[in-house]
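Which features can be read, and how?

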Amino acid sequence: MNTIYILWLRQLKKYLRSKPRIIGSLGQPVLFMVALGLGFGPIYAQAGRGSYMEFLGPGVIAMGIVFTAMFSGIELIWDRQFGFLKETLVAPVSRFSIMLGRTLGGATTGLFQGVVVCVLALFFGFKIMHLAYLPLAFFFMILIAVFFTALGTAIASRLQDMQAFPLIMNFLVMPMFFLSGALFPLQGLPRPIYLVTRFNPLSYGVDGLRAALTGQSSFGLSTDLFILTALTLLLIFIGGYLFSKIEV
Amino acid sequence: MWFNDEPMESPNAIIEVKNLTKKFGEFVAVDHINFSVPPGEIFALLGPNGAGKTTTIKMLTTLLQPTSGEMRVHGSDPATQQDAVRHAFGIVFQDPSLDDDLTAYENLEFHGVLYGVASDIRRERIKMVLELVELWDRRQDLVKKFSGGMKRRLEIARSLIHHPKILFLDEPTLGLDPQTRNHLWSYIHDLNKKEGMTILLTTHYMEEAEKVANTVAIIDHGKLVAKDSPEGLKKQTNTTSLEEAFLALTGSSIRSEEAGGLDQMRLHRRMWGK
């Protein structure tokens, strides 16, 4: 328990001490709200779909979480390269608890980022429909954050250096984000694209978050909740397993 | 070779290694080495670059699984009884292993928590070891502000917080100035005398090994080529210093060692704005 706590605390301290990173990672969601939210707003309204900002809000919140969480997981590579990983690996504690502490720490920073983006979105005209559903929205944010930190950790466990980082961003994280229903509605999409979105774990995160915040949903809240929880637990165990196999 | 026929079952040994072998693909990094270290000894593992010293230490400290052979560290097998072994040793790695974004105090506290040192004892020991390496005044500074020598001292302080029975030092004085090196060795010597701590070290500074070590083992190309007291080695090779004895035993050709990706990483780290 102490192990998990001290690793969680470490991730948090490192995050809070890197101010440029906090501010920098807010840039992307804000840009999306300005360029897409305000830019596509009129045409979205003309198409008879109402407020685009209301649709986009949960997508951009998810984006803030995904990128921060993924990055926290991948940071493991730096720990490996700068030697700190060895210090944790020779300690007499289970590797799984180290991985869990790291993941929860990274997820907390992702969650923090999500909340900040959510507040910013309100200034861009995003409206929360039911305050009573806010805890549920919060829960979805936690799930997305844990899922992507664990994914980053799992991938980083198998990598020796940062060379593959652009590959992961461009061929995994970006497609997952763009094809998740974060930016456009999934109804009426060409069949192949629709199928991709159904197999994308983030789709259920975005959809669940949108359902909790605005009441709009494609898959239904319980489906989102069930699928995302199951996948997150699965990924924690995969990440834990891969982490326990690390040799340095 | 003669020492391979030696009986290795020394009942009192705190570290015992028998036919230990590690292969990376076709490359044999450590090749059937045998040695044992009695409790309270300072044991130096010497060898040219790429000889297999660090690989041996990694196997003894549970970081690498051996390809074959047996090991005992404080009565347990590092390959299968990791937890028992991990409680028993402290280590200063060849490469830095501190978290630069944490303060000196936080780095030590992190270590203490991982090793299950109770909080009141932890506070006491952190103060003690920081005073010992003369970094108590700098405890609230981020480690990234420290010089190489200060980081090394902090790592040594950290390795002592859980009172290990065995201390592994992998080139602890690499890149340090003579003053700091002297200071460190006298400190390590003290620990060994006062606490009876067993110390296994590697170094490229032969005069340091000659001064502190009770026993010196020389490995080259993954094989143990000699093991004796510094005096014994000099006598055996008819030389007057350990450095000459070392050269006589390992030849004077320069060894190649694979470069790590560390420099590349530094570049990436800057690029990604960490």
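**Reading the sheet, the helices and the interface**

Q: Which sense of pairing do strands β1 (residues 15-24) and β2 (residues 27-37) of chain B show, and over how many bridges?

A: In general, strands of a sheet pair through backbone hydrogen bonds, either parallel or antiparallel. In this case β1(B) and β2(B) pair in the antiparallel sense over seven bridges. Helices (H or I, at least four residues) and strands (E, at least two) are DSSP runs, numbered from the N terminus, and two strands pair if DSSP finds at least two bridges between them. V17(B) stands opposite F35(B) in β2(B), and K23(B) is opposite V28(B). The hairpin has two residues between the strands, and G25(B) there takes a positive phi near 65 degrees.

Q: What should I know about the origin of the model and its numbering?

A: The model is predicted: local features need pLDDT of at least 70, side-chain atom pairs count only at pLDDT 80 or more, and totals for chains, interfaces and linings use all residues. Residues are numbered from 1 along each chain as its sequence is written, while chains are lettered from A and ligands numbered from 1 in the order in which they are written.

Q: In what order do the strands of the open sheet lie?

A: The order is β2-β1-β4 in chain B, three strands with antiparallel pairing. The edge strands, β2(B) and β4(B), each pair on one side only. The twist averages 20 degrees from one strand to the next. Helix α1 (residues 53-60) of chain B packs on the sheet, touching β1, β2 and β4 of chain B, and its direction makes about 115 degrees with that of β1(B). Axes are lines fitted to C-alpha atoms, for helices over the stretch in contact, and angles run from 0 to 180 degrees between N-to-C directions. Five bridges join β1(B) to β4(B) (residues 68-73), where E16(B) stands opposite R72(B).

Q: Which residues of helix α1(A) are buried?

A: An α-helix has 3.6 residues a turn, so residues three or four places apart point the same way. Here the buried residues of α1(A) are T3(A), I6(A), L7(A), R10(A), Q11(A), K14(A) and Y15(A). A residue is buried if 20 or more other C-beta atoms lie within 10 Å of its own, exposed if 12 or fewer, and partly exposed in between, with C-beta atoms placed from the backbone. The buried residues of α1(A) pack against α3 (52-74) and α6 (95-123) of chain A together with α3 (104-114) of chain B.

Q: Why is α3(A) described as largely enclosed?

A: 23 of the 23 residues of α3(A) are buried, so this helix is largely enclosed by the rest of the structure.

Q: How many residues of chain A are in contact with chain B?

A: 26 residues of chain A are in contact with 27 residues of chain B, contact meaning that the C-beta atoms, placed from the backbone, lie within 7 Å. The largest share of the chain A side, seven residues, comes from α1(A).

Q: Where in chain B is confidence lowest?

A: Where pLDDT is low, the predicted coordinates should not be read in detail. pLDDT is the predictor's confidence in each residue, from 0 to 100. In chain B, confidence is lowest in helix α10(B) (residues 262-271), at a mean of 49, and highest in α3(B), at 97. pLDDT also stays under 50 over residues 1-8 of chain B. Chain B averages 87.

Conventions: Contact = placed C-beta atoms within 7 Å.
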